[in-house]
Amino acid sequence: MRPEALLPLVLSLALAGPAAADPLGIGRPASPETIAAWDIDVRPDGQGLPPGHGSVRDGAALFAARCAGCHGARGEGAAAEPLAGGRGSLASAKPLRTVGSFWPYATTLFDYVRRAMPFDAPQSLTPDETYAVSAYVLHLNSLLPEEASLDAGSLPRVAMPNRDGFTADPRPDIAPPNPSARPSARPAAHTETR
């Protein structure tokens, strides 16, 4: 091989050493405020629920304005999946997996609505609006009376019909610190049994 052919290789190796030791010079450290804005998950036990409250009645108006176009006027489904109905159908030949028939935790509803809905404007609902829409969807599934309201204390206490319809996955992503006790902040992974 001719020496002049090695020159680009030698130069690239010589320059790579110092450049690799320096930071890229892009971005910035995340501030606590930036992290807090992204740290909005809600766990099954209610950890992560924000302050606020919302009623079934307030949720009905919000649902009509922001949700019914995709989910139907009564959560029966339209362009998007149904949210109501299907109770008792999971063991049938045609299971209908809705909030009321399939989901094990009411807090999952709040978490999903807060992060991903409405489809055309995710994360645009206030905490009060998210509690209200959650209350209305739970009402559509006969899980809350019409005069009910939800907040961070009451939402985790809503008894979901399929709460016990899941089993712990023996293959967790991360082993708990104490294998005999799983912390409430990180519930077991779940698999469907019905």
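Student: Which residues does Phe63 touch, not counting residues up to four places away in sequence?

Tutor: Contact means that heavy atoms lie within 4.5 Å. By that rule, Phe63 touches Ala68, His71, Gly72, Ala73, Gly75, Leu83, Tyr136, Val137 and Leu140, once residues up to four places away in sequence are set aside. Please note that this is a predicted model, in which local features need pLDDT of at least 70 and side-chain atom pairs count only at pLDDT 80 or more, while totals for chains, interfaces and linings use all residues. Residues are numbered from 1 along each chain as its sequence is written, and side-chain values use heavy atoms, with hydrogens and water left out.

Student: How many helices and strands does the secondary structure of the chain come to?

Tutor: Helices (H or I, at least four residues) and strands (E, at least two) are DSSP runs, numbered from the N terminus. This chain has six helices and four strands, in the order α-α-β-α-α-α-α-β-β-β from the N terminus on. Of the contacts between residues at least 6 apart in sequence, 59% join residues at least 24 apart.

Student: Which residues have the most contacts inside the largest nonpolar core?

Tutor: In soluble globular proteins, nonpolar side chains tend to be buried together. A nonpolar core is a set of buried Ala, Val, Leu, Ile, Met, Phe, Trp, Tyr and Cys residues joined through side-chain atoms within 4.5 Å. Buried means under 20% relative accessible area, exposed over 50%, and partly exposed in between (1.4 Å probe, protein chains only). The largest core here has 31 residues, and Phe63, Leu138, Leu144, Leu150 and Leu155 have the most contacts inside it. Helix 3, helix 5 and helix 6 each give two or more residues to this core, and the largest share, eight residues, comes from helix 6. In the chain as a whole, buried residues make up 33% of the 194 residues.

Student: Which residues are buried in helix 5?

Tutor: An α-helix has 3.6 residues a turn, so residues three or four places apart point the same way. In helix 5, Ala106, Thr107, Leu109, Phe110, Asp111, Val113 and Arg114 are buried. These buried residues pack against helix 6.

Student: Is Leu62 buried or exposed?

Tutor: Leu62, which belongs to helix 3, counts as buried because its relative accessible area is 16%. Leu62 touches Cys67, Glu129, Ala132 and Val133, not counting residues up to four places away in sequence. The C-alpha atoms of Leu62 and Leu125 are separated by 9.7 Å, although the two residues are 63 apart along the chain. For a case in a loop, take Phe102, between helix 4 and helix 5: this residue is buried because its relative accessibility is 18%.

Student: What volume does the largest pocket have?

Tutor: Rolling a probe the size of a water molecule over the atoms shows where empty space is left. On a 1 Å grid over the protein atoms alone, a cavity is a set of points where a 1.4 Å probe fits but cannot get out, and a pocket is an open set with protein on both sides within 12 Å along at least five of seven lines; lining residues have an atom within 4 Å of a point. Grid points are joined across faces, edges and corners, and a volume is the space filled by probe spheres set on the points. The largest pocket has a volume of about 460 Å³. Among the 22 residues that line this pocket, His71, Ala80, Leu83, Tyr112 and Met117 are the closest to its centre. Helix 3 (56–66), helix 4 (68–71), helix 5 (106–116) and helix 6 (127–140) each give two or more residues to the lining. As for cavities, the whole structure has one of 30 Å³ or more, and the largest cavity holds about 40 Å³ of space.
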